[in-house]
Amino acid sequence: MFHTFKNLIRLKRCPKFGKFIGITRSVERPFHSGSVLGAEEMQSSPFVVVSTVNPSAIPLARELLAAGEVIALPTDTVYGLACDANNPEAIQKLYQIKGRMEEKPVAICVAEIEDFHLWGSAKHLPRELLQELLPGAVTLVVNKSPRLDNPFLNPGVSRIGIRIPDSTFIRDVSRAFRAPIALTSANRSTEPSSLNVTEFQPLWPLLGAVFDGGQLGVTEAQRAASTVVDLSEEGKYFVIRRGVAIQETENVLKRYKFYKEDQE
């Protein structure tokens, strides 16, 4: 169930789950906000790679998210980095691992359309529209709900991108966690997105766990990730990122009489 990549992983028993999990070292490295992670720290950090079909995968993911860890897991487009969206330290850790400027927003992932309304202001969006677009490879940007009260989650930005991926594993994790999950692609900023776990292997030591769902897609076009569309204003849409589902998304929006706002 657990993977070994070129003998990089040793086995250690995880008492909570009674299973063997792969780690590099038994030395724990605490996270310090604002610190820079050097090569020596990365080499000494433990990491875990778990198959998504392992029965312990979902409860382990839930426990790690609740503990403020950042994990990697498959979506319906590319591999993602995820953490508790309402945990300030977890969000800071996510940005540090990603090497991303805090001014650049991240999205959240939820399991159901009811959750979409809980964490975003979407009363102006027809339920039928949301049901046609979600779950799917699209991120819909709306105004934040007051329930998203993490000051480090897209600071100074009133909107939030919300995803319901068409992927059983991440939706099951979201259901188990019962709170919004911050989500961004599993790669360093400026580097290509990842279609399998080995493509972001340098990040493994910085993560609570890597959940391996195998190869995602068979073409490079898959790396375009989700389509991102701003629907924060009634009757309008603005394409932020074309992504892999732009044509299908625009067809649905036009059917519901949304008009495209041109980029200035």
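Within the largest nonpolar core, which comprises 51 residues, the members that touch the most others are L81, I108, F116, L125 and F200. A nonpolar core is here a set of buried Ala, Val, Leu, Ile, Met, Phe, Trp, Tyr and Cys residues joined through side-chain atoms within 4.5 Å. Buried denotes under 20% relative accessible area, exposed over 50%, and partly exposed the range in between (1.4 Å probe, protein chains only). Two or more residues of this core come from each of strand 5 (79–84), helix 3 (88–98), helix 4 (113–119), helix 5 (127–133), strand 8 (138–144), strand 9 (159–163), strand 13 (236–241) and helix 7 (246–255). Helix 3 contributes the most, with 5 residues. Helices (H or I, at least four residues) and strands (E, at least two) are DSSP runs numbered from the N terminus.

The structure is a predicted model, in which local features need pLDDT of at least 70 and side-chain atom pairs count only at pLDDT 80 or more, while totals for chains, interfaces and linings use all residues. Residues are numbered from 1 along each chain as its sequence is written, and side-chain values use heavy atoms, with hydrogens and water left out.

When neighbours within four places in sequence are set aside, L81 is in contact (heavy atoms within 4.5 Å) with V70, I71, A72, L94, I97, A182, L183, T184, S185, A186, L203 and L207. A second, separate core has 19 residues, including A61, L73, F177 and F211. In soluble globular proteins, nonpolar side chains tend to be buried together.

The peptide bond from L134 to P135 is cis, with omega near -5 degrees, and P135 belongs to the loop between helix 5 and strand 8. R178, although not a glycine, has a positive phi of about 60 degrees. This residue is located in the loop between helix 6 (168–177) and strand 10 (181–185) and is exposed, at a relative accessible area of 73%. A positive phi, of about 65 degrees, is also found at K257, again not a glycine. K257 occupies the loop between helix 7 and strand 14 (259–260); its relative accessible area of 69% makes it exposed.

The whole structure contains 13 salt bridges, each defined by a side-chain nitrogen of Lys or Arg within 4 Å of a carboxyl oxygen of Asp or Glu. One of them joins the side chains of K93 and E69, with an N to O distance of 3.7 Å. Because K93 lies in helix 3 and E69 in the loop between helix 2 (57–66) and strand 4 (71–74), this pair ties together parts that are 24 residues apart in sequence. K93 is buried at 11% relative accessibility, whereas E69 is partly exposed at 27%.

E112 and R175 form another salt bridge, their closest N and O atoms being 2.8 Å apart. The pair links distant parts of the chain, 63 residues apart, with E112 in the loop between strand 6 (107–109) and helix 4, and R175 in helix 6. Both partners are partly exposed, E112 at 27% relative accessibility and R175 at 37%. E112 and R175 also belong to a network of salt bridges that includes R171 and D172.

In the salt bridge between K260 and E250, the closest N and O atoms are 3.4 Å apart. K260 lies in strand 14 and E250 in helix 7, so parts that are 10 residues apart in sequence are tied together. K260 is partly exposed, with a relative accessible area of 39%, while E250 is buried at 9%.
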